[in-house]
Amino acid sequence: MKEYPKVSIITVNYNQAQVTCEFLQSLKKVTYPNYEVIVVDNASPTEDPAPIVNNYPEIIFIKSEKNLGFAGGNNLGVRKSTGEYLLFINNDTEVEPDFLEPMIEKFQNDENIGMMSPKIRFHHTPDTIQYAGYTPMNPFTMRQHLIGFRKVDNGQFDDPGFTYSIHGAAMMVPRKVIEEVGMMTEVFFLYYEEHDWCARVKKAGYKVYYQPKSLVFHKESISTGKDSPLKIYYISRNRIVYARRNSKGWILLFNLIYLTLITVPKNTLKYLLAIRFDLLRSFYKAMFWNIYHYKGIHDNPAL
């Protein structure tokens with residue numbers, strides 16, 4: 001590489017001191033020589049984050065007074081960061097020692113890249129892929145698909161290249177891009193905010209890149225749980241918020257009709273048949289949230 005620009009590694013902790021410590025321990029092996037680590041505790045309600053600071057005093061630790069969600073917690077870290085490149089990475093991940101170099105080198109060689117994610121495998125099945133890029137977002141249903149998802153990694157996704165979105169578990173963004181387009185909007189709180197941010201970055205003329213030479217392992221859904229009421233609520237709510245922020249005219253109208261006539265009956269039947277009334281309540285709560293909330297939907301916080 002031409003040089004070693006400073007990288008700010010930002011992660012958010014919420015009631016997961018041990019998990020965060022495991023992540024920080026994996027960073028100890030990183031070979032890149034110029035980085036800082038920022039841990040934001042998102043007002044953990046029941047677990048003391050003190051072990052994080054006690055075991056890793058070299059980090060920059062920020063204690064939020066309230067839970068600001070994924071975007072808000074990361075934005076706190078952005079404001080304290082000093083790096084030329086910012087890596088937003090989940091605390092429930094572990095990294096390969098040389099995972100930073102390939103991303104920095106690619107950014108240095110192509111200033112048109114505005115966002116980048118590494119290859120991500122599942123931690124519990126480390127030979128299985130979670131992310132190797134994204135398919136395009138369907139403009140009508142507001143859905144897209146992970147490339148390589150749940151496939152054994154035999155090298156078939158080792159070609160780096162442009163993709164349609166980053167993965168929120170690990171994404172790197174140059175500071176200059178954040179200064180231009182702003183930080184992640186905090187209206188989402190949890191889920192979809194990274195795809196919305198990616199859409200804004202692309203609208204500004206930048207490209208999104210998948211770098212398989214970098215590797216991260218993800219312990220998926222430790223924070224929210226698989227099919228938890230919390231997860232169903234925010235995914236359902238924010239799918240509509242994303243449409244409201246990124247669609248206009250007849251496409252937005254089609255989005256809302258599709259969600260009303262297809263998604264609502266489908267999910268209602270699915271949760272009833274599964275006898276998951278807790279998920280059904282969360283789903284309808286998400287639908288009604290979008291009916292009653294208008295202010296702040298299009299806000300984008302500046303750096």
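Work out which elements the buried residues of α1 pack against.

Solution. The buried residues of α1 pack against the strands β1 (7-13), β2 (35-41), β4 (85-89) and β5 (93-95), and also against the helix α2 (50-55). Packing here rests on contact, that is, heavy atoms within 4.5 Å, while helices (H or I, at least four residues) and strands (E, at least two) are DSSP runs numbered from the N terminus. This is a predicted model, in which local features need pLDDT of at least 70 and side-chain atom pairs count only at pLDDT 80 or more, whereas totals for chains, interfaces and linings use all residues. Residues are numbered from 1 along each chain as its sequence is written, and side-chain values use heavy atoms, with hydrogens and water left out.

The next step is to see how covered the helix is: eight of the 11 residues of α1 (residues 17-27) are buried, where buried means under 20% relative accessible area, exposed over 50%, and partly exposed in between (1.4 Å probe, protein chains only). These residues are A17, V19, T20, C21, F23, L24, S26 and L27.

Decide whether C21 and C198 are buried or exposed, and state how many disulfides there are.

Solution. C21 counts as buried because its relative accessibility is 8%, and C198 likewise counts as buried because its value is 1%. With a disulfide taken as a pair of cysteine sulfur atoms within 2.5 Å, the count comes to zero.

The crossing of α6 and α7 is right-handed, meaning that the near helix is turned clockwise from the far one by less than a right angle, anticlockwise being left-handed.

On the α6 side the contact involves H195, D196, A199, R200 and K203, which meet Y242, R245 and N246 of α7. These residues divide into two nonpolar, two polar and four charged, where Ala, Val, Leu, Ile, Met, Phe, Trp, Tyr, Cys and Pro count as nonpolar, Asp, Glu, Lys and Arg as charged, and the others, Gly among them, as polar.

Characterise the packing of α7 on α8 (residues 249-273).

Solution. The axes come within 10 Å and cross at roughly 165 degrees, so α7 is roughly antiparallel to α8. This crossing, too, is right-handed. From α7 come I232, R239, I240, A243 and R244, and from α8 come L252, N255, L256, Y258, L259, T263 and Y271; the contact divides into eight nonpolar, two polar and two charged residues.

Locate A43 and R150, and state the phi of each.

Solution. A43, in the loop between β2 and α2, has a positive phi of about 55 degrees although it is not a glycine. R150, in the loop between β7 (129-131) and β8 (161-162), has a phi near 65 degrees and is exposed, with a relative accessible area of 57%.

Terms used: Axes fitted to C-alpha atoms, helices over the stretch in contact; angles between N-to-C directions. Parallel < 35°, antiparallel > 145°, perpendicular 65-115°, else oblique.
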